[in-house]
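Keep the sequence and the structure in view.

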Amino acid sequence: MKRNILLYTLLIVCIICGTNAYSQERNIIVNGRVIDKDTKQGVPGVSVVLQATNKGLTQTNGDGKFSASVPVGGTLLFKFLGYNTASAKITDQTNITVTISEDRKDLSEVIIVAYQNRPKETTAGSVTVLTGKDVSDIPVSNIETLLQGKVPGLNIQNNTGAPGFRGSVQVRGLSSLSISGSGNDSFLQPTSPLYIIDGVPLDADKAAEFGFQTQGPGVSPLSLIPQEDIENIQILKDAQATSMYGSRGAYGVIIITTKRGNSKIPRIKYVSNFFVNAPPKLRETLGGNSERSLKIQQIILNAQNIDQIRRISNTPFLADSLNAYWNNSTDWQDVFYQTTYNQSHNLALDGGDQKFNYKANMGYYAEKGVIKNTGYNRYNLNMNMEFKPNDKFRFFGFVNGSVGKQNKGNGAGLLQSGVASNGQASTLLPPPSFYQASGGVLSALQTLNDNNSRNLRTNIDARYEFIPGLAASSTLSYDYTSDTETTFTPAVANGQFAKLYDYAGRNFQLYNRNSITYAKTLGEKHNFFVNTFNEIYKQGSQATITQQERIPNDQLQGPVGYDGFYSRGGGVLSNYRNATIASFAGSLSYDYDKKYVAEFSYRLDGTSSSGLENPYSKNSSVGLRWNFNKENWLVDKKWLDYGSLRLTWGQNIAPTGNLQSIYGIYNLNGNFNNTQTIGINYDLIPNPALKPTTTSQYNLGFDLGFFNRFSIVFDTYFKKVDNLLFDRFLSNTTGFSRLASNDLGIANYGSEISLNIKAITSKDFDLSFSVNGAYNRDVLLKLPEEYNGQYIRFDGSAYLQHIVYRVGRNTLSNYLRINQGVYANDSDVPTDPVTGKRYQTNGTFFNAGDPRLKDVNGDYILDGRDYEVTGNSQPLFTGGLSFTMRYKNWGLNVYASYTADRTILNNALADRIAIMRDPYALNAVVPLNDLNIWMKPGDDAKYPYPYDYSRYGAVQPLRADQTLWQESGSYLKINNLTLSYMFDKKLIRRFGLANLRIFGSTNNLITFSKYSGPNPENVTTLGRDISNGYPVPRTYNIGLNLELNTGN
Amino acid sequence: MIRFRNIKTNTRMKPIINKYFVVVLLAALALSGCKKIFDLPSEKDYLSNNVNFSNKILEPIIGRTNLIGGFNSDNSTNPITFEIVNARFGDGKPVTDLFTTAPTYVWTAPYTGLEKSLAEIEAKRKIETHQIFEMRSSGEFILWPSATNQILKPRPTDSTNLSQDTRFFDVKVKNTGGERLIRDFQIRPYRERPYEPSNDFNAFTGLPAPDPKFPLDKKLRDYIRPYLNNVIGATSNLNLVSNNDKKDAIVYIRPLTSGGNGHTLRIVVLGKDSLPIDPKKFNETVWAKMIHGFNMQMTDKYVQYDVAYPIPLVEIPTSYATGGSRAKVELSYSRLGFGGGRTVANFGIDFAIYKAGDWEIVFYFKTENPKFANE
């Protein structure tokens, strides 16, 4: 533990330069070599420091060798970033070999807190750190995919396979109840954590303003970060850690640090991946004549009158089986889904030392979607440079340029409704060709969709230390994104007239931060650290669309707007933004001998989108930490590596409103006295007293490491989100219909545990496991008074899957009809004792084979009053497992993640069975043998009889709003499996290589689940498995890491 | 923070034990239902502030099954219980007759119209004793058919709605989330109408209804009228009609005076001389499938069935009551028309009888008999 103090002293507190020359001592020349404990290879670039003077003598060369003049009796320290510092006392030997080992000890890590590097043992927040290794070897378009299951409390659901899009990310449960859209399109407003990339904040939710109906390219800013360029990722979960990031940190903070140059000799590293994306198992379909005979059989066996049977003769595709047009067996899903072959390449060049280093990273990633005509390509060029001539001055700058090109086909990216509906077409139809296909097919396959997101991010950062301990630093960054989308639909796919859609958007963020820090140690043991800074954001975004419904021909694809009659859209979209945020923050940390730590922070955020009466949001936090392993009664326990207790409280206050909710909406209201009048929109009353959302969180944490093998991190928390935005409906006497109010509150509480075991560590064989899990429960705390504790968000779509908010219950519950099975016989249908009528719906009595839906109110009529609160769309347990093994040069990694106790609505199955509802329609038919369906009286079945097409409309046995489709969404997924081989360095040196590693990996390998649908993860955040979603492919990859031997 | 200090001081004193204490404390904190610690609201049933009834004036007809809905729970959580409280007349006199108990039929299995015997029908219902007026869990009011004019005094015969003649009551709506009292319901029952159509008597007084054409002429009265198709008068050779102007045929639905067994329905056709016409003359009539009755007896004066009352038993479409709410009696006969073609005539009535007993349906050809002879 003393080493930590040393490190701390070295890194944070200014080094007190001893200038005394030990001239009276005898110097000898020491030659030596520094080797890595694991690989037994020389480590280049290690700083060799004389302990007495704390002065760097030299650095090791490419072989790890060094030569220095050292006074006899002096001690040499060998320091290298990411390694434990080793020491060697020089007596008389002139040739030494020093072994240094990678620093894997949790608590000696340096983490970034409020933009400052701090030793982890003196911070109280709940922080998890991942390294670049955790997100390597699996090519993905968005690195979030790979964080799944690696951090307890960070719930990532990779719920879309659409290339370039994001899944859902939540830190410690729900923070918003804002839902837009209806039915399958219901979209829970994402509350993604704040991402900070190399000190510059980034808004990950940027592309999600429009829910599923993405306007513009929809490329997530995170999809523009190449995974190969990531050094480490740090996840801040509790409010004490995030409060210094202000309102934008309310949903957690994820800090990504990209790689720095760190090699005396330039290094050239190349990573390449070739990967295959395979669509998941698709819906089974009966083809050709089987389809026809099934339909005819269905019609005859279930006909209620002769006309229904006669109608067969009038339905050409059933009757005219010899007609070539109706005599096919087309696999429509195959028309839309494909297995794709993709590649990614990344070339990194870095070099330099601690005084000056540089890095350039070039990346190319190309992924074709498993749905045809979709895909994502990324091009990157990232460069950074750090100049640190001495300990007083540091300068860092980066320029990142990236282009994301996305192809969404004719869908909206996340949803591919066109493909979903055309995939259900009858197999009897001829396969697509230019002349013989439905417009939908051509639309899906021939729509030219060109999306570009071009991003340029630049940053400079300088730090100067005036006197030891007192430093000022300043950061200035500019981030600019230009988004364009052009969609051209050819005439054959759009009713004989070509169509053109054009989107152009731009986004910028100018960001400045100035900080002053002061570190001071009083009386050896009292350490103070003061950090104050201010931040200014200037953000803007504006997007416009132009749409031409009809253009003259397929050849003329622009300019648009030649004809006013067919012009649609235009104008500025509602994501217009012009905002300024100014913040001031300060924190004080105190520790007594690194044993007792106390931290206090306070931050003020002023934004232009807060209500006039609450322009500043105030974020404060307190953190306490007790490193009990440093207590006298434990300090001599060898088995205990570290142990600490943490207790924090913090608050994040984020403005929720927008300018409209504060100031109202004003419209042009026609003329009065020949003068244009402007009046208020009476839908929404302005609320200048709108309060910001307040997230306050308590966290109690516990860290323990023992026997150098086991480490446990446990956190338990209570998070309360108050003043959430919620509409109140006003009495019509007010003249307005809605008021944006703050009377919604939710709480999340839970615990997180992570356990790491290094089972075996030896020269040839390493074995380690880790398990983590998080339990989170959310509770609705309050609703506006007049709701009396319940609000139902009625679903206006045909699915009728309502969502209910009830105080005291989990916040997002379903409001559905309760399915209790299937009536085996007619006599099982209950009879109204008063009227003698059987249980009925829509004027039709239930029969055997119909679903047994609970008559909640007891009137023997199933109607809109027979709904009950049921289920919870949010998972209670999430977590992951990992297993890492190395045997000699072979490595094996397995990552798994799990989600348990959540309710999924299997709408895909409901839709699939419901294909059978109309045998006269030109739809495919699906085999239902795998399902427990009622077929004859007496059957004790799970699913109702779907073939009774005459009564289908009235009874709706497969209605989506029943608990029949509610299933457990628990799953265990083997995310990744990576097998790698590292070539022997001596061998490959002959070929001019310093490093060569090949690996095979898979992503989304297998999911274990009782869920009856294809994938329990591929569901929306509201737990709906929608049949028009984008399936998550399985990826098989072969990759290569290569480093050129540029030394010597 | 206080807890933090406590641990510290404790642990200093007994190092090893107290390390476990810390672990136990953490485990306890994690596992104990956190709801208590955090003072979270507990879930309770929802009872909307807007629960109401769409209609607070109930006008049931005594003697039949009256199921009156109109409760709007506004998505309040079921089960909801309803209680009728504070039943009183408008002048404050307490109301008790509403809560008289009486045996009544309760269905236990669905009536289908396919039952083969009276016993099979009776097996599907049983007699239970209920308050004649009660509410069930759906918020529907039930006035059971066991209510009679004697038990429950109907609304005044002069058709006034004076407060002192009107029964008022309140309804207490309750679930575990709370309760609401909905005040001032009124119940104004109509006197029994044992059969339909009932245009032959006045709904308020029960006395014969006046002729709709001459309401002030006390000598005339209104009759139930059958439908007639292609029924030709025996003497006039004209189509017989029954409407407001001309009543060649009328219908009586009336208790059977003799020959019944307590659950009998008899169908009689009277000629203009008030003597029965032999039912066999209605040669095209499907007697066996006309009424859901059993043990059909056909004499030369009438046709009689053993039936279960009410008719129809349940208001669902069956072959006996295609619309559900009315059973049908249809008599038809054929004869040779002009040119030797066979011509079919029929007449009948859609009816319902609510009160159990012995009933007869009488078709009375007042002016002339139907013509059975061939042309």
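**Domains, chains and local geometry**

Chain A is divided into domain 1 (2–103), domain 2 (133–260 + 271–277 + 338–418 + 437–656 + 692–787 + 999–1040) and domain 3 (660–685). These bounds come from an automatic or database domain assignment. The model is predicted: local features need pLDDT of at least 70, side-chain atom pairs count only at pLDDT 80 or more, and totals for chains, interfaces and linings use all residues. Residues are numbered from 1 along each chain as its sequence is written, while chains are lettered from A and ligands numbered from 1 in the order in which they are written.

Take domain 2 and domain 3 of chain A. Their C-alpha centres lie 38 Å apart. Domain 2 of chain A puts 10 residues into the contact and domain 3 of chain A puts in six. Two residues are in contact if their C-beta atoms, placed from the backbone, lie within 7 Å. On the domain 2 side, five of the residues are nonpolar, four polar and one charged. Here Ala, Val, Leu, Ile, Met, Phe, Trp, Tyr, Cys and Pro count as nonpolar, Asp, Glu, Lys and Arg as charged, and the others, Gly among them, as polar.

Now the whole of chain A. It has 14 helices and 55 strands. Both are DSSP runs, numbered from the N terminus: helices are H or I with at least four residues, strands are E with at least two. The radius of gyration of chain A is 32 Å, close to the 31 Å that the globule rule gives for 1048 residues, so chain A is as compact as a globular protein of that length. The radius is taken over C-alpha atoms, and the rule is 2.2 Å times the number of residues to the power 0.38. Along the principal axes, the C-alpha atoms of chain A fill a box of roughly 115 × 70 × 65 Å.

The C-alpha trace of chain B spans about 125 × 50 × 35 Å along its principal axes. Chain B holds four helices and 20 strands.

Where do the chains meet? The contact takes 39 residues from chain B and 37 residues from chain A. On chain B, α1 (2–13), α2 (15–31), α3 (34–38) and β6 (101–107) each supply at least two residues. The largest share, four residues, comes from α2(B). By class, the chain B side has 21 nonpolar, 11 polar and seven charged residues.

Next, a helix pair within chain A. Helices α4 (residues 289–302) and α5 (residues 306–313) of chain A pack at an angle of about 160°, with axes 8 Å apart. Axes are lines fitted to C-alpha atoms, for helices over the stretch in contact, and angles run from 0 to 180 degrees between N-to-C directions. α4(A) and α5(A) are therefore roughly antiparallel, a term for angles over 145 degrees. Ile296(A), Ile299(A) and Ile300(A) in α4(A) meet Gln308(A), Ile309(A) and Ile312(A) in α5(A). Five of these residues are nonpolar, one is polar and none is charged.

Finally, the backbone. Most residues other than glycine have a negative phi, and most peptide bonds are trans. Asp593(A) has a positive phi, near 55°. Asp593(A) sits in the loop between β29 (577–592) and β30 (596–607) of chain A. In chain B, the peptide bond from Asn78(B) to Pro79(B) is cis, with omega near 0°. The bond from Ile311(B) to Pro312(B) is cis, with omega near -10°.

Definitions and conventions:
Angles under 35 degrees count as roughly parallel, over 145 as roughly antiparallel, 65 to 115 as roughly perpendicular and the rest as oblique.
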